[in-house]
Amino acid sequence: MTVTERPTRNLSLDLLRGTEAAALAAARWVGLGNKEEGDQAAVDAMRLLLSTVPMRARVVIGEGEKDQAPMLYNGEELGTGEGPEVDLAVDPIEGTRLVAYGRGGAISVIAAAERGGLFNPGPGFYAAKLVVGPAAREAIDLAASPEENLKEIARALGKRVQELTVFVLDKPRHARLIEQIRHAGARVSLHTDGDVGGALAAVLPDTGIDVLMGTGGTPEGVIAAVAVKALGGGMQMRLDPQSEEERWALVNSGYDPQRVYSLEELCPSQDTHFAATGITDGQFVRGVRYRGAYAITHSLVIRGHTGTLRYIESYHRLEKLRAISGELY
C-alpha cells in the first residue's frame with residue numbers, strides 16, 4: 001500500500017461539539033416565542049465549547065461587531081491559541097424565528113477554512129443565490145433568467161422542468177421570482193427562514209429539493225458555500241442590497257453589486273470544515289429529542305479536504321452536562 005498523505009486531525013469533529021452545544025441550549029426555547037433568549041442561549045453554549053478547541057480561530061462571519069456583544073462578533077478570537085489558524089463563519093441558530101415559533105428547519109451551524117479562505121462580504125447584508133447539486137453544477141448562470149436556469153438544470157438532471165422543486169424564501173421580494181418559476185412549470189417550496197438549510201437540501205440527495213433560488217442573508221451564503229463546495233455542488237452569488245444605504249455602503253467599500261461570484265471566489269480554500277446540528281426537525285437532520293435523562297442530537301459533518309460526509313447521532317446525558325456547564329442545557 002502506498003500512502004501519499006498521512007491522515008490528519010479532523011477539525012470538523014471538534015466544531016461539531018460547538019453546534020451540538022448550541023442546539024441543545026436553543027432547543028429549550030423551541031416554541032416559547034422568544035427569539036432573543038433562545039439566540040443568547042445558543043451563543044453562550046457555542047462560545048463555551050469553541051474556547052476549548054485547539055485552534056487559533058477568528059470569526060469572520062458572525063452576528064455583529066464587538067460593541068454588540070455578547071453575540072459572536074466579527075473579529076472575535078476563539079480557541080485555545082494553539083493549533084491551526086482558521087477563519088470561522090458561525091450561526092448559533094440559523095432560523096431564530098423557526099425556534100421561537102416551533103417550526104421545522106432550524107439548525108446550528110459552523111463553517112471553517114484556513115486563514116483567508118472565506119469570502120468577506122463587507123457591508124453586504126443580502127445576496128442573490130443559486131445553488132444546485134453536483135450533476136447540475138455546470139448548468140447554472142445567475143446572470144440568466146430563472147426560466148433559462150430551470151431549463152438547463154432539468155437537462156443536466158435528466159428531468160422535465162415540471163419535475164423540479166425550487167426552494168425559495170417566502171418573502172415579498174420574491175413575488176416576481178415565484179411567478180417566473182411557476183410560469184416555467186417548476187414547483188415552488190416556500191420557507192419562512194433557513195437558506196443555509198435550503199442550500200444543503202439542494203445539494204444533498206433525496207431531500208425533495210433540486211435547486212435554491214432567491215435572495216437571502218450574505219453571511220448565510222458564505223456558510224453555505226463551504227458545504228456546497230465540499231459536497232461537489234454548484235453555487236453562484238451576487239450581492240443584492242435591499243436599501244440605498246446598503247448599496248452605497250457596498251459601492252464605497254469597492255464592491256460591485258452587479259458582479260456574480262463563483263463558488264471558488266466564495267470559498268477559495270480546499271481545507272474546509274462544516275458542522276450543522278438540528279434544533280427542530282428539518283429535511284436532512286432531525287431536531288433535538290428528549291428521552292428523560294438524555295437528549296439526542298442529529299448532525300451533519302463535512303470535511304472539504306477529503307469530501308467525507310458524516311451523519312452523527314449523539315446521546316447526551318443531561319445531568320452530567322449540567323454538572324459541568326451549569327444550566328446551559
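Alanine 199 has its place in helix 6 (residues 195-203), where helices are DSSP runs of H or I with at least four residues, strands are E runs of at least two, and both are numbered from the N terminus. This is a predicted model, in which local features need pLDDT of at least 70 and side-chain atom pairs count only at pLDDT 80 or more, while totals for chains, interfaces and linings use all residues. Residues are numbered from 1 along each chain as its sequence is written, and side-chain values use heavy atoms, with hydrogens and water left out.

- Alanine 199 counts as buried because its relative accessibility is 2%, buried meaning under 20% relative accessible area with a 1.4 Å probe and protein chains only.
- Leaving aside neighbours within four places in sequence, alanine 199 is in contact (heavy atoms within 4.5 Å) with Val131, Leu212 and Ala224.
- Valine 132 lies 67 residues from alanine 199 along the chain, yet their C-alpha atoms are separated by 7.7 Å.

- Strand 13 (residues 294-303) and strand 14 (residues 308-317) run antiparallel and are joined by 10 bridges, pairing being assigned if DSSP finds at least two bridges between two strands.
- Tyrosine 294 has arginine 317 of strand 14 as its bridge partner.
- Between the strands of this hairpin there are 4 residues, and glycine 307 takes a positive phi near 75°.

Conventions:
Buried means under 20% relative accessible area, exposed over 50%, partly exposed in between (1.4 Å probe, protein chains only).
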